[in-house]
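This report is meant for someone meeting the structure for the first time. Please keep the sequence and the model in view while reading.

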Amino acid sequence: LSNSLKDAVKKLAGKAVVDRAAVDELVRDLQRALIQADVNVKLVMGLSQSIKKRALEEELPKGMGVRDHVLRIVYQELVSLMGPEAEVSLKPQTILMAGLQGSGKTTTTAKLCRYFQRKGLKVGAICCDNFRPGAFTQLQTLCQRINVPIYGDPKEKDALRIVKNGLTALRDVEVIIVDTAGRHALEDDLIEEIMQINAIVKPSHRWLVIDAALGQAARDQARRFHEAIGIDGVVITKMDGTAKGGGALSAVAETNSSIVFIGSGETIDDLERFEPNGFISRMLGMGDLKALVERAEDVMEGGDLDVNAMLKGKFTLKDMYKQLEALNKMGPLKQVLSMLPLGGMNVPNEVYDVTSVKMERYRIMMDSMTDDEMDDPSLLGTSRIHRIAMGSGSSVDDVRELIKYYKMMQRALKGFKGGGRFSMNRMMKQ
Ligand code: GDP
Ligand code: MG
């Protein structure tokens, strides 16, 4: 499935013209991959609309190939689905962790302590989960290893009292992470409790911890927590597993926030700042997106124009054909040529007027020529032109048109003062 997306991108790269059908095809493959990754259907449809609209309506940025243009739009739209980039401040702050039991709150609390500790801040954690037996010990074990103080009281039944006492106990600490209890389902008393904790702590941030495997259910959870305490960041855990994490995007959309961190393992250092490129790639299961774009460029290999040889007059019919072929792969000839820095090259309008049908006709006519004639078409006299027309099932006029076209190209290239070997690929990337 992720392969189909890769294929779609490759197909796009090989297309002479990126038209509506090509964009539709890419968007369809993208939709399939996203839905497979648990991204909410409504989000996927919204994304598809924006990609199509932009790909077909936005003006091609100067110097950019059509394919790169479309890929870039796809990437930008995917990134915007991830929400605005979340800043992680290194100022003194309090962070309240929310989420269901088993989502990874306690583990993430310890990981965050480690994160801020490494940034040189004094950190501490409060465990106000007095619901699950062993919750305090779990956090204590994790934090002891990194010498981070934690506050908790397994015997205290009142979570609010724990929090109040914890804030007092950790008053010298710069960053306080408040780990909360989660239940098996979203229950009113849990929501009630976290609202009260929120009122007491008045945290700088309220982050929702979501298991990457959660899928569509992420949306409802996010809504409930958001309505209760106003979520301003999402942490996706267990991204090291098989889950693709698309469900978490619903949580992002629902809370109008963004992903702050990604949990990528069970140890305390397995926490990564959110990086859209990596996340999108993982979600779509297609490796590094940048690498993909580069791979797509392989399709255009052979797009090098040997200008030196041309200027030396060694521009044969074969060369012309090869280059037309390469140019045709990259998009409409006019568009491609208009991007080149062709100083002094006066290109007649007819040069642009080569369709793939015409190219096929050229190729068949050239098959009836000798190697010498293709190297030097001036050898072609009237009788040879008639023979070639007959041999290739075309008219004399067709053959003359080919020769005329060749001469026109040759003249145009003679006027080209650039020199040196230049790469079409490099041009396209500028
Ligand atoms: P809580 O109930 O929300 O506090 O969840 P816990 O922090 O206790 O985590 C539940 C389970 O998920 C534990 O076994 C953790 O080791 C595991 N876990 C948490 N985060 C990750 C992660 O990023 N990757 C993996 N593989 N396991 C994780
Ligand atoms: Mg816990």
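## Confidence in the model

This is a predicted model, and the mean pLDDT of the protein is 80, with 74% of its residues reaching 70 or more. Two stretches call for care: over residues 291-307 the pLDDT stays under 50, although the model has 36 contacts there beyond four places in sequence. Residues 417-430 likewise have a pLDDT below 50, and this second stretch has 32 contacts in the model beyond near neighbours in sequence. For the model, the ipTM score is 0.99 and the pTM score is 0.66.

## Overall make-up

The protein contains 21 helices and 10 strands, and 39% of its 430 residues count as buried. When contacts between residues at least 6 apart in sequence are considered, 76% of them join residues that are at least 24 apart.

## Strand E1 and its partners

Strand E1, which covers residues 93-98, pairs with strand E4, residues 175-179, in the parallel sense and over four bridges; in this pairing, Leu96 has Val178 of E4 as its bridge partner. Strand E1 is also joined by four bridges to strand E5, residues 205-211, and these two strands run parallel, with Met97 bridged to Trp207 of E5. In a regular strand, side chains alternate between the two faces of the sheet.

## Helix H5

Helix H5 is made of 14 residues, 105-118, and spans 20 Å from its first C-alpha to its last, which is close to the 20 Å expected at 1.5 Å a residue. The helix is mostly covered, since 12 of its 14 residues are buried; among them are Lys105, Thr106, Thr107, Thr108 and Thr109, as well as Leu112, Arg114 and Phe116. Just after H5, Gly120 adopts a positive phi of about 90 degrees.

An α-helix has 3.6 residues a turn, so residues three or four places apart point the same way.

## The surroundings of ligand 1

Which residues are the closest to ligand 1? Of the 18 residues that surround this ligand, the closest are Gly104, Lys105, Thr106, Thr107 and Gly263. Helix H5 supplies the largest share of this shell, namely three residues, and Lys105, Thr106 and Thr107 are also listed among the buried residues of the helix.

Sorted by class, the shell around ligand 1 holds 13 polar and five charged residues, and no nonpolar ones.

Note on methods. Residues numbered from 1 in each chain as written. Chains lettered and ligands numbered in written order. Buried ≥ 20, exposed ≤ 12 C-beta atoms within 10 Å, placed from the backbone. Contact = placed C-beta atoms within 7 Å. pLDDT = per-residue confidence, 0-100. Expected span 1.5 Å × (residues − 1). Near = placed C-beta within 6 Å. Nonpolar A, V, L, I, M, F, W, Y, C, P; charged D, E, K, R; others polar. Pairing = 2+ DSSP bridges.
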